[in-house]
Amino acid sequence: MKADVGVVGLAVMGQNLALNIARNGYAVAVYNRTAERTKKFIEERVKAEKIIPSYDIEHFVASIERPRKIILMVKAGTPVDEMIEELLPHLEKGDLLVDAGNSHYADTNRRLEKLSHHGILYLGMGVSGGEYGALHGPSIMPGGSLEAYRMLQDVLTKIAAKTEDGPCCTYVGNSSAGHFVKMVHNGIEYAIMQSIAEIYDIMRKILRMSTSEIGQVFEEWNKGELSSFLVEITYKIMEYMDEETGKPLVELILDTAEQKGTGKWTAQAALDLGVPTPSLNVAVFARTISHFKEHRRELSRVFGEKSRVTSDKSLIKDLEKSLLLTMFLSFSQGLWLIHEASKAYNYNIDLPEVLRIWKGGCIIRARLLNYLGAILKENPENINLLASNNAMDFVKEKLSSALKVSSIARESGLPTPVLNSSIDYLFSLTEENLPANLIQAQRDFFGAHTFERVDKEGTFHVEWQKLE
Ligand code: 6PG
């Protein structure tokens with residue numbers, strides 16, 4: 001029996017994806033660099049599934065039906081290149097390699113180019129949903145050639161999460177489109193996570209709510225417009241008790257947030273493409289600042305006590321609206337970035353399709369996506385969603401709450417970077433005259449960088465002061 005698909009890399013994500021594929025009726029060949037892990041996987045997790053283990057790469061490749069379809073589930077970065085090098089001598093023209101990790105889109109372009117010279121097809125495929133999603137249905141974002149996608153389309157749509165709008169998998173676009181979209185998904189993920197954390201901070205420090213009370217509020221919110229995976233896990237986290245101490249575990253976790261790079265890459269891509277994504281960018285810096293624990297400890301002493309404004313529980317309604325506003329604007333900024341990247345890199349991405357496949361399986365799945373999808377369908381040119389009266393009304397209806405929350409946090413010395421930058425993003429985009437005229441004047445003053453005028457065509461420079 002030959003396998004329909006091969007999976008390389010048997011860390012938990014790889015194991016779960018292999019099992020998911022096998023449980024959908026396919027025979028799966030598996031290979032891991034260390035044989036021990038493969039043995040353990042076969043012994044402990046494989047039951048009736050058709051899974052063919054291999055302990056050397058040659059045997060692994062030979063055990064797959066031609067043209068071969070091999071999914072790489074290895075750590076992003078050098079391990080992907082190393083695995084490609086290892087596989088390459090055993091592959092034949094027309095075989096397909098799929099990188100399902102969180103690879104940087106530039107790496108994906110480079111690998112696509114290299115493999116095309118060998119006649120090997122390649123997909124850069126974003127997969128979201130964590131370990132659970134990999135096993136029970138992730139959101140899948142494949143990019144590359146349509147021909148390559150067609151080779152694996154049936155498998156991918158079968159293993160993907162399903163919503164009432166179909167499987168959460170679509171051909172995202174050319175070259176590295178899949179990894180780009182997954183990267184922006186993560187950029188949005190960072191912003192939403194940070195927004196939720198900011199709201200949590202206000203609840204515990206200003207409203208002086210217990211962890212359990214905070215959990216109850218998030219649970220309630222999850223039944224309404226804020227319904228989303230990230231809000232859902234937040235209330236579940238609040239409920240989780242540490243066995244050793246009997247305290248909510250979240251209270252015992254050190255407040256330094258880690259990152260593996262996708263949020264940072266999103267910010268870098270936005271800066272490179274000249275797209276404003278401030279809420280996404282400050283969410284990365286919030287994690288960076290969290291890392292300076294010792295420094296923060298020292299400076300908190302130097303700064304001294306912060307007076308916390310008090311507020312009553314009626315603020316909870318405002319917190320809910322605030323979070324809806326930041327969620328909306330985080331999605332809005334991410335979509336704009338994808339749109340500009342699609343033009344700049346000829347990805348040819350269908351944005352409503354991206355929103356559709358984010359509705360299930362992935363980390364940023366949220367009820368709000370139905371609404372965003374509807375706005376975009378109405379006017380596909382509305383790339384940051386704000387150019388619709390309906391959407392603007394939605395945002396404006398949340399604004400006074402967001403301003404109230406932001407101001408209470410400001411007065412209390414509490415950082416709410418995503419909330420504040422979202423508000424400023426909205427204010428900036430809705431301001432016809434920005435003070436950038438002064439910036440231009442300053443640039444021209446010290447560097448003769450020239451400026452344009454509002455009253456006539458052309459490029460101008462003046463001698464702002466007489467040089468002696
Ligand atoms: C997903 C997640 C997943 C991973 C993140 C975590 O969509 O399933 O985004 O890809 O958990 O990469 O990223 P950080 O370690 O940078 O927070």
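Let's start inside the protein: Ser195, Glu198, Ile199, Ser322, Leu323, Thr326 and Leu419 line the largest cavity. Two elements, H8 and helix H14 (315-344), each give two or more residues to that lining. Helices here are DSSP runs of H or I with at least four residues, numbered from the N terminus. By class, the cavity lining splits into three nonpolar, three polar and one charged residue.

Before going on, a word on the source. This is a predicted model: local features need pLDDT of at least 70, side-chain atom pairs count only at pLDDT 80 or more, and totals for chains, interfaces and linings use all residues. Residues are numbered from 1 along each chain as its sequence is written, and side-chain values use heavy atoms, with hydrogens and water left out.

What is a cavity here? On a 1 Å grid over the protein atoms alone, it is a set of points where a 1.4 Å probe fits but cannot get out; a pocket is an open set with protein on both sides within 12 Å along at least five of seven lines; lining residues have an atom within 4 Å of a point. How much space lies in the largest cavity? About 30 Å³. The count of cavities of 30 Å³ or more comes to one.

Now the ligand. Asp, Glu, Lys and Arg count as charged; Ala, Val, Leu, Ile, Met, Phe, Trp, Tyr, Cys and Pro as nonpolar; the others, Gly among them, as polar.

Next, polar contacts, meaning pairs of N or O atoms within 3.5 Å. A polar side-chain atom of lysine 182 is 2.8 Å from a ligand oxygen atom. For glycine 129, a backbone N or O atom lies 2.9 Å from an oxygen atom of the ligand. For glycine 130, the distance from a backbone N or O atom to a ligand oxygen is 3.1 Å. On its own the ligand has 410 Å² of accessible area, and the protein covers 80% of that. Areas come from the Shrake-Rupley method with a 1.4 Å probe.

Last stop, the second largest pocket. Its volume is about 390 Å³. Among its lining residues are Asn433, Leu434, Phe451, Arg453 and Trp464. By class, that lining has six nonpolar, three polar and two charged residues.

Definitions and conventions:
Points joined across faces, edges and corners; volume = space filled by probe spheres on them. Polar contact = N/O pair within 3.5 Å; in protein donor to acceptor, adjacent residues only side chain to side chain.
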